[in-house]
Amino acid sequence: MTKNLNLWVIPLLPLIGAAINGLFGRRFKNAMVSAVALLFTAASFGWAAWAVWTVWPGSGIALPHIETLGTWITAGTFSAPFGFYLDQLSMIMVLVVTGVGFLIHIYSVGYMAHEGGYYRFFAYLNLFMFFMLTLVLANNYLLMFVGWEGVGLASYLLIGFFFLKDSAADAGKKAFIVNRIGDFAFLIGMFLIIRHFGSLNYDAVFGKIAAGHFTPEAGWGIFTAIALCLMFGATGKSAQVPLYVWLPDAMEGPTPVSALIHAATMVTAGIYMIARSHAIFNLAPHALQIVAIIGCITAIFAATMGLAQTDIKRVLAYSTVSQLGYMFLACGVAAYSAGIFHLMTHAFFKALLFLGAGSVIHAVGGEQDMRRMGGLRKLIPVTFWVVTIATIAIAGIPPFAGFFSKDEILGAVFHSPYGGPVIWGIGVLTAGLTSFYMFRLWFMTFFGELKLGSVELGEEAHAAKAPAQAAHGAASHSHGHADDHSHGHGGVHESPWIMLAPLVILAVLSFVGGWVGVPQFMGGHNEIEQFLAPVMQSGPAVAGEAVSDKDATTSHAGEATPENTKEELFLAGTSVAAALIGLFFAYLFYYKSPELPDRITSKMHGIYMMVLHKYYVDEGYGAIFVKPLLALSTVVLWRGVDQGVIDGLVNGAGTASQGVGNELRQMQSGNIRSYAAWVAIGGAAIVAYMIWLGVTR
Amino acid sequence: MVHQVLFIVFGLICVAGAINLLVQRHPISSALSLVVVMASLALIYLLLGAEFVAAIQVIVYAGAIMVLFVFVIMLLNAGAEERTRGSRMALIVGVPGVIILAGTVGWMLVSGSGRLGGVNLVGPSSFGETHAIARLLFKEFLLPFEITSVLILIAIMGAVVLGKREN
Amino acid sequence: MVPLSWYLILSGILFSLGVLGFLLKRNIITIFMSIELMLNAVNLSFVAFANYWHTHPVADKSIVPLSGQVFVFFVMVVAAAEAAVGLAIIIAVFRTRETLNVDRVNLLKL
Amino acid sequence: MNNSILTLVTFVPAIGALALMLMPRNDRALRWAALIISIATFAISLFLPMYYDYGASGFQFETNRNWIGQTIHYHMGADGISMWLVLLTTLLVPVSVLVSWKSIHDRVKEFFVLLLLLEMAMIGVFLALDMFLFYVFWEATLIPMALLIGMYGHERRVYAAVKFFLYTMVASVFMLAAIIWLYVHTGSFDYSVIREWIRVSIQNGSVSGTALQWLFLGFFIAFAVKVPLFPLHTWLPDAHVEAPTAGSVLLAGVLLKMGTYGLLRFNVGMFPDQAAYNSSWINTLAVIGIIYGALVALVQPNLKKLIAYSSVSHLGFVVLGIFSLTTIGADGAVYQMLNHGISTGALFMLAGMLYERKHTYEFKEFGGLATPMPVYATFFLLAVLSSVGLPLLNGFVGEFLVLSGTFQSAMPHAMLFAILGSSGVIWGACYLLWMYQKVFYGQIHHDENKTLPDIDGRERISLVPLVVLAVIMGVASPYWMKSIQPAVVSTLPQAAGVKAQAQKDHNQDKPDLVSPVLPAAAAVPNASATGGQK
């Protein structure tokens with residue numbers, strides 16, 4: 001008995017919230033705006049929870065649960081419905097999106113209290129929720145593409161929220177265009193799917209694959225093509241190596257935006273898409289190999305860049321890119337459930353870190369540079385403890401969530417043919433680097449002497465960094481640098497409870513989150529793995545690696561054979577060790593002898609500058625793609641072809657006819673003798689012609 | 001044989017007159033040289049047995065038209081031509097034009113002369129008698145004859161109108 | 001027996017001289033006379049052909065040998081008419097422009 | 001069976017124009033009269049979708065009377081494609097009347113008379129089924145448009161008007177030659193008679209392939225200039241920059257569609273084999289148009305020129321869709337025609353409103369306008385997003401169908417064209433967002449920008465229908481597809497229709513993946529007479 005869950009209500013509620021705030025928000029007071037926003041997000045979360053609860057595996061309702069509302073596009077042989085698809089994977093995603101989203105909404109009420117354009121912010125936030133939920137709940141690739149581009153639009157609007165600042169507007173535009181490049185590849189992937197499966201609906205596509213018509217060898221060309229296109233689309237959205245450049249710049253947006261979009265939900269869309277189309281990826285072993293490699297490169301690459309950053313949000317941004325690299329790596333080795341598990345835990349502690357950083361910035365009046373912070377431990381205790389939990393979680397130290405999900409991935413990588421010890425080694429190294437830069441952030445912000453707190457610094461930060469003084473919209477309030485208002489100059493103080501409550505909840509989740517997936521050899525029975533099993537096993541097993549995938553899960557779920565556990569324990573041990581080493585170095589560099597890092601950086605100046613300037617990738621992209629493109633289109637295309645060639649021809653025809661006319665005018669010179677001459681010539685010509693006729697005939 | 005000698009003599013006179021027409025600066029002398037040309041032509045017509053035409057030539061052309069010309073020259077008291085360096089255009093276009101014309105016609109005639117064959121001196125009154133011409137004129141060519149009369153009438157009226165001095 | 005081509009050559013020469021006169025001379029009357037010369041050259045070839053057809057009869061009945069001479073007659077008529085009207089025009093031109101030099105008669109010059 | 005609805009729709013604006021001429025020169029009354037007439041026309045044209053029989057696929061509401069002697073008929077009819085284009089026209093005219101409320105203050109009467117005459121001619125083009133009548137209306141659109149540009153434009157208006165006029169006139173002469181050639185051979189001007197004659201004569205080989213090829217080119221050149229296809233497009237930016245706002249809206253909204261409508265109806269409809277035969281180089285031009293138009297738009301210093309080049313790029317998609325000769329592609333092309341009319345019409349109106357305030361289109365005069373004019377900025381953002389092709393807005397549906405149709409088309413190199421075409425998606429985002437940022441974001445550099453008035457009631461009324469329609473067409477596209485689909489299937493060569501059917505079966509039963517990526521392309525019919533479609 002399929003109960004009609006009206007899944008379409010979940011995405012619709014935030015859309016209504018966005019519409020109300022968008023259209024009438026100008027006239028509402030802030031309280032009313034936040035009330036509308038929170039109400040609709042909460043309702044959506046409630047409905048989602050209810051839907052998940054009713055469809056929970058034990059409830060007898062067959063999963064995946066599909067509801068179609070009506071056809072959206074139909075032409076010729078192709079049609080795409082408004083369809084919604086609920087199965088274990090989308091259950092997790094919908095809960096994470098609405099849950100974390102709701103917490104961040106609460107947080108932003110406090111955070112954005114003094115910002116201008118309050119209604120605009122919440123309208124965009126709700127709009128983002130609508131698109132993200134459409135993406136997660138869609139039952140076909142086209143509707144997912146709607147969500148896909150929609151979140152791109154929402155991130156464009158939210159990153160460019162402080163549009164008075166050119167850097168924010170540029171960052172927003174950069175994000176949208178880079179995402180669009182990814183969407184281009186996704187579009188091609190969809191066309192390939194239409195061409196070979198006739199439809200984009202998941203059940204149709206996966207049904208045909210599951211029907212076993214395809215042996216990996218026979219159709220590998222097509223599947224690799226589709227998988228690669230989808231993968232390239234995912235790199236655009238989840239900021240992987242070639243297309244990650246937009247994420248660090250996206251920090252121009254307000255911090256809650258970074259937390260929601262660039263940590264918890266949007267960037268994970270790519271991972272969700274790959275996990276969702278695992279059936280295709282499983283049949284394209286080469287594509288999986290590439291996914292793994294890209295994931296690994298991104299992880300290590302971003303981690304190194306995170307080391308040198310001084311801006312607190314940039315560090316977190318690079319850490320997000322690095323963690324996404326982990327998830328990509330997990331998907332690359334076909335351990336999709338491990339990827340999703342890490343996605344979930346990452347959503348908790350990364351959102352917490354961003355919000356924590358936000359409350360730190362909020363406390364110190366808009367200051368983002370870590371070098372200017374220090375010794376805030378006692379001034380903002382709650383934030384301190386919450387950020388500590390998150391930092392330990394992300395570093396991957398056992399009882400916390402991060403350890404379990406990261407270890408799950410590293411374990412899967414070690415066993416999988418696509419992973420292998422080399423990539424596993426890089427993974428562990430990245431884990432070490434992660435813990436190093438996270439604790440670096442931790443020490444620099446909360447320990448050391450109190451550089452902050454004095455009024456002058458607030459002033460100096462205010463003056464030095466506050467270019468945008470222009471009155472902003474209705475708010476008469478003058479504008480601090482970046483996103484934060486210079487809170488009252490009374491020095492450092494703890495954020496209001498409305499901001500801290502979500503932090504505490506997230507902290508609990510970061511702590512508890514990991515226990516869902518405790519692996520066998522540690523006594524747990526990895527509930528999340530079993531929970532996702534029906535989804536992940538529905539497609540064909542990964543080509544040529546069927547066994548290990550099975551045994552990876554069986555060894556986890558199955559009996560804890562002695563040599564199996566010993567090996568697993570060894571793996572877990574190394575990753576914990578890496579985390580602790582990172583902690584120690586951070587402690588050494590930034591707590592015991594703060595001058596040490598300067599000495600090291602002065603020695604390895606070249607490398608340090610490289611890393612500081614993010615390997616000059618942005619400038620490289622600019623020089624390779626953007627400038628030549630602009631030059632080409634200005635000089636060659638517009639001036640050259642358009643005005644030069646084509647207009648030249650057209651106007652040339654005009655002037656040519658004038659010239660000929662002018663020449664002919666000479667004949668009518670009015671001089672009788674020239675007329676006589678022309679008559680004579682005419683006569684001669686006729687005579688000559690007649691002679692010629694006579695001769696030739 | 002006689003025919004050739006006479007032909008050459010009168011031909012040369014004719015050409016000399018024509019050249020003189022060009023060379024002379026004063027119109028009256030070129031008019032007179034034209035009269036010489038016309039007379040020599042009349043004689044050539046006689047050579048070809050066209051007595052009536054020769055007579056008409058002398059009477060109409062030499063007698064009437066040339067007299068008219070001389071009369072007008074006298075009337076207008078036209079002086080000698082000025083040496084205007086004038087349009088060199090005529091030189092540039094005229095001379096080569098004429099050369100081409102003469103050249104082609106000449107080449108044509110010379111190359112074609114073989115096929116044409118000769119014409120011989122015709123005895124008196126065996127060919128171009130007036131009555132034959134008259135019969136021809138008033139039978140086959142009656143219509144052109146009437147038209148030419150109308151033409152003459154119009155010409156006269158034209159001349160009168162143009163010549164009249166508005167007073 | 002004089003070959004017909006000689007007559008035609010003579011007529012060609014006269015005609016060319018007429019054209020030369022027509023192009024080179026500056027006095028309108030002289031130009032007019034060279035036109036007359038051209039007409040006479042044509043008459044000559046008419047008569048020459050008339051005689052030629054008489055002595056070498058042509059199969060095609062439509063050519064009447066004597067028609068050459070009748071044509072000469074018509075040419076003369078036209079020449080006379082033309083001379084009359086032409087001279088009247090010249091007089092009219094002279095009356096208005098006081099010159100016979102053809103280069104000055106250029107009201108049409110732009 | 002002579003249904004007079006079509007004659008009514010076509011000639012009400014003409015009668016209105018006549019009435020306007022007789023009215024005294026009171027500007028206010030003239031404006032209101034013009035508005036009422038155009039809204040009346042729109043109301044009448046609404047009867048078409050109401051009484052349209054969605055089952056039948058042929059021409060409906062047909063009226064066929066003798067016009068000149070027995071051979072030239074006044075034969076009008078509407079099918080799925082032309083009906084919606086007529087509605088687009090009758091929608092855009094009242095909107096352009098509203099937009100030119102304040103911007104036209106001298107010679108107001110002539111302006112509105114020309115506008116209504118233009119509307120009559122445009123509707124006539126879409127409804128005419130007699131080739132002679134079609135040509136008459138085709139030329140009739142030139143005169144009012146050229147006058148509109150010439151009399152009411154900006155600095156270089158005369159140059160632009162003459163260029164526009166000559167470009168179209170010279171090209172359509174070739175079409176006239178082709179029409180006459182066909183008349184001589186078939187004895188009639190009627191579209192379906194000619195189409196039938198061509199089909200039959202191909203079968204029995206009585207007409208040579210080269211003749212058909214020349215006819216195809218004759219029609220093609222006339223429509224390619226109007227579309228505008230790549231090398232023949234330079235008249236568009238000049239005409240747009242110099243035209244008054246109303247002129248631009250109608251020029252972009254409807255006149256460009258006459259070109260693509262002609263390509264679909266006449267080039268593909270009457271010469272299916274030649275369409276397949278020439279599809280590769282035409283598609284190349286279309287793809288070049290897409291990328292070239294976008295790249296050049298990227299660097300335009302002038303707002304209206306940017307929008308003009310964006311039209312070149314968008315219509316490249318339409319031509320790509322038409323010459324993919326697949327049902328999906330052609331459906332998408334027709335739908336994209338309607339979308340482009342709405343989104344670019346809106347963009348031009350917004351540019352016009354900015355011109356009323358700033359009297360210039362140069363970007364350096366704008367900057368940071370979002371602060372003084374937030375409502376205007378929102379409308380502009382919606383128009384930009386619809387033009388960029390954001391899902392749930394109308395642009396996406398058209399573009400997606402065109403590209404997926406081209407992707408599956410049997411024409412040679414179709415997949416390459418589709419991939420290059422879909423790169424247009426990126427360029428579209430680049431230049432439109434670049435423009436949006438230059439106009440709306442960042443600091444306000446010019447002081448007078450601070451006090452710019454936001455858009456007032458009248459301007460909002462003219463924008464709301466277009467924006468609402470953009471959203472509705474993005475979400476509820478099956479309503480339109482229901483009527484477009486049969487019309488397209490009957491226009492496209494049967495082989496394509498059959499192939500689309502085969503494609504469907506091919507997917508349904510056993511999707512053998514081993515089949516080469518490009519199913520055996522329709523054997524490119526050699527130029528010889530008998531080389532008909534397999």
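Two strands pair if DSSP finds at least two bridges between them. I keep that rule at hand for the first entry. The model I am reading is predicted.

**Entry: the strands of chain A**

I began with the strand pair in chain A. β1, residues 65-75, and β2, residues 78-86, of chain A pair in the antiparallel sense. I find nine bridges between them. Next I looked up one position in the pair. A:Thr68 stands opposite A:Gly83, which lies in β2(A). Then I turned to the link between the strands. β1(A) and β2(A) form a hairpin, with two residues between them. In the turn, A:Gly76 has a positive phi of about 55°.

**Entry: helix α3 of chain A**

I moved on to α3(A), residues 88-111. This helix has 24 residues. From its first C-alpha to its last I get 34 Å, close to the 34 Å expected at 1.5 Å a residue. Is α3(A) mostly buried or exposed? I applied the cut-off of 20 or more other C-beta atoms within 10 Å for a buried residue. By that count 23 of the 24 residues of α3(A) are buried, so the helix is largely enclosed by the rest of the structure.

**Entry: chain A overall**

Chain A has 697 residues, and 57% of them count as buried. I also checked contact separation. Of the contacts in chain A with a separation of 6 or more, 81% are between residues 24 or more positions apart.

**Entry: A:Phe585**

A:Phe585 sits in helix α23(A), residues 562-592. How many other C-beta atoms lie within 10 Å of A:Phe585? I get 17. A residue needs 20 or more to be buried and 12 or fewer to be exposed. A:Phe585 is therefore partly exposed.

**Entry: nonpolar cores**

I looked up the cores next. The largest nonpolar core holds 440 residues. Which of its members touch the most others? They are A:Phe128, A:Leu329, A:Ala351, A:Leu352 and D:Val319. I followed A:Leu352 further. Leaving out residues up to four places away in sequence, A:Leu352 touches A:Val386, A:Ala390, A:Leu503, A:Leu506, A:Ala507 and A:Ser510. There is also a second, separate core, of 80 residues. That second core includes B:Phe10, B:Ala50, B:Val72 and C:Ile28.

I went on to chain D. I count 20 helices and two strands there. Does its radius of gyration agree or disagree with a compact globule? Chain D has 534 residues, for which a compact globule would be near 24 Å; the value for chain D is 23 Å, which agrees. Along the principal axes, its C-alpha atoms fill a box of roughly 70 × 60 × 40 Å. Of its residues, 60% count as buried.

Then I checked where chain D meets chain A. The contact takes 51 residues from chain D and 49 from chain A. Elements that give two or more residues to the chain D side include α11(D), α13(D) and α15(D). α16(D) gives the most, with 10 residues. That side of chain D divides into 30 nonpolar, 17 polar and four charged residues.

My last stop was chain C. I find three helices and one strand. From the N terminus on, the order is β-α-α-α. The radius of gyration of chain C is 18 Å, well over the 13 Å that the globule rule gives for 110 residues, so chain C is more spread out than a compact globule. Its C-alpha trace spans about 55 × 25 × 25 Å along the principal axes. I get 56% of the 110 residues as buried. Of the contacts in chain C between residues at least 6 apart in sequence, 53% join residues at least 24 apart.

I closed with the partner chain. In this contact 75 residues of chain B meet 64 residues of chain C. Among the elements of chain B that each supply at least two residues are α1(B), α4(B) and β1(B). The side of chain B that touches chain C divides into 53 nonpolar, 19 polar and three charged residues.

Definitions and conventions. Residues are numbered from 1 along each chain as its sequence is written. Chains are lettered from A and ligands numbered from 1 in the order in which they are written. This is a predicted model: local features need pLDDT of at least 70, side-chain atom pairs count only at pLDDT 80 or more; totals for chains, interfaces and linings use all residues. Two residues are in contact if their C-beta atoms, placed from the backbone, lie within 7 Å. Helices (H or I, at least four residues) and strands (E, at least two) are DSSP runs, numbered from the N terminus. Ala, Val, Leu, Ile, Met, Phe, Trp, Tyr, Cys and Pro count as nonpolar, Asp, Glu, Lys and Arg as charged, and the others, Gly among them, as polar. The radius of gyration is taken over C-alpha atoms; the globule rule is 2.2 Å times the number of residues to the power 0.38. The expected span of a helix is 1.5 Å times one less than its number of residues. A nonpolar core is a set of buried Ala, Val, Leu, Ile, Met, Phe, Trp, Tyr and Cys residues joined through C-beta atoms within 7 Å.
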